[in-house]
Amino acid sequence: MYMKYKSNRNVVYSCKYHVVWCPKYRRSVLIDGVDVRLKELIKETCDQLNVEIIEMEIMPDHVHLLMEVDPQLGV
């Protein structure tokens, strides 16, 4: 399996994070267009921070986000 590494001026890295979060009491609030807007906001924010989104899934009661982040930035 080929592993892709990224680098900046002083490090070579491959930092992938699997972030999962859910609304309070796991209520199904991410529906009826809220999920679409949330996806847009996440993409905008990741573009501003130079974070690569590998995979994103928004369910009605939780969000899964797999991303690659520069280790100097962190999560």
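Does Glu68 count as buried or exposed, and at what relative accessibility? At 5% relative accessibility, Glu68 counts as buried, where buried means under 20% relative accessible area, exposed means over 50%, and partly exposed lies in between, with a 1.4 Å probe and protein chains only.

This is a predicted model, in which local features need pLDDT of at least 70 and side-chain atom pairs count only at pLDDT 80 or more, while totals for chains, interfaces and linings use all residues. Residues are numbered from 1 along each chain as its sequence is written, and side-chain values use heavy atoms, with hydrogens and water left out.

## The chain as a whole

The chain holds one helix and five strands, and from the N terminus on these elements follow the order β-β-β-α-β-β. Helices (H or I, at least four residues) and strands (E, at least two) are DSSP runs, numbered from the N terminus. The radius of gyration of the chain is 14 Å, well over the 11 Å that the globule rule gives for 75 residues, so the chain is more spread out than a compact globule; this radius is taken over C-alpha atoms, and the rule is 2.2 Å times the number of residues to the power 0.38. Along its principal axes, the C-alpha trace spans about 45 × 25 × 20 Å. Of the 75 residues of the chain, 20% count as buried.

A UniProt annotation from an unreviewed entry, "domain: Transposase IS200-like", covers residues 12–75; such annotations may be inferred rather than shown by experiment, and their positions are given in the numbering used here, with feature names shortened. Over residues 12–75 the chain is 23% helix and 36% strand, and the end C-alpha atoms are 17 Å apart.

## The sheet and the helix

Three strands form an open sheet in the order S3-S5-S4, with antiparallel pairing; two strands pair if DSSP finds at least two bridges between them. Strands S3 and S4 are the edge strands, each pairing on one side only. The table gives the residues of three elements.

| Element | Residues |
|---|---|
| Strand S3 | 16–21 |
| Strand S4 | 52–59 |
| Strand S5 | 62–68 |

S4 and S5 pair in the antiparallel sense over seven bridges, and they form a hairpin with two residues between them. Within this part of the structure, Ile53 stands opposite Met67 in S5.

Helix H1, which covers residues 34–48, lies across S3, S4 and S5 and runs at about 165° to S4. Axes are lines fitted to C-alpha atoms, for helices over the stretch in contact, and angles run from 0 to 180 degrees between N-to-C directions.

Glu68 lies in strand S5. Leaving aside its neighbours within four places in sequence, Glu68 is in contact (heavy atoms within 4.5 Å) with residues that include Lys6, Tyr13, Val51 and Ile54.

Met59, by comparison, lies in strand S4 and is partly exposed, with a relative accessible area of 30%. The C-alpha atoms of Met59 and Asp32, 27 residues apart along the chain, are separated by 12 Å.
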